[in-house]
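Open the model in your viewer and keep the sequence panel beside it.

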Amino acid sequence: MKKITSVFLLLGCLLPTQAQNVPPCTFEIVDAETFSTQWTVIDNNQAVSPNTWAYSEDGAWYEQDMSNDADDWIVSPAVTLDAGKTYNISAYVKHDGYFIDQQKIELKVGHEASVEGLTTQLFSDESF
């Protein structure tokens with residue numbers, strides 16, 4: 001049985017005490033420096049697979065490991081939000097693969113740039 005690589009994406013980490021970004025705001029990965037200084041990469045399965053998020057000219061890139069499941073996360077810069085307001089959060093994600101090659105992707109928010117700290121799931125697709 002073929003293992004499906006699971007790719008997790010976390011955007012919009014909400015850190016009210018630390019963030020200087022306030023809506024409306026957009027986060028783009030325009031160069032390697034922006035990627036390495038503003039985005040947080042978490043490789044939760046480094047002992048199993050060396051693959052993780054990396055910079056590419058198109059933004060962030062994840063090279064699939066066909067033998068192992070992934071547990072890799074990319075976290076955007078923090079955003080300061082006001083309680084009681086409604087916000088729209090969007091993300092652009094592209095899967096360059098075969099139609100039978102499905103991935104899992106999640107969009108979460110929370111109060112810290114860690115897997116445990118991003119507790120509210122906004123979107124999940126197990127057949128992306």
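Two strands count as paired if DSSP finds at least two bridges between them. This model is predicted, so treat each stop as a computed result.

**Stop 1: the strand pair.** Select residues 53–56, strand β2, and residues 59–62, strand β3. The two run antiparallel, and four bridges join them.

Next, pick A54. Which residue in β3 is the bridge partner of A54? It is W61.

Stop 2: Select residues 32–38 for helix α1, then click T34 within it. Is T34 buried or exposed? The cut-off for buried is under 20% relative accessible area. T34 has 13% relative accessibility, so T34 counts as buried.

Now show what T34 touches. Setting aside neighbours within four places in sequence, T34 is in contact with E28, I29 and W39.

**Stop 3: the whole chain.** Zoom out and colour by secondary structure. The chain has one helix and six strands. Trace from the N terminus: the order is α-β-β-β-β-β-β.

Switch to a surface view. The chain exposes about 8,400 Å², and carbon and sulfur atoms supply 50% of that area. Of its 128 residues, 37% count as buried.

Finish with the contacts. Take those between residues at least 6 apart in sequence: 67% of them join residues at least 24 apart.

Methods. Residues numbered from 1 in each chain as written. Predicted model: local features only at pLDDT ≥ 70, side-chain atom pairs only at ≥ 80, totals over all residues. Heavy atoms only, no water. Buried < 20%, exposed > 50% of the residue type's maximum accessible area, 1.4 Å probe, protein only. Contact = heavy atoms within 4.5 Å. Areas by Shrake-Rupley, 256 points an atom, 1.4 Å probe, with all protein chains shown as cover.
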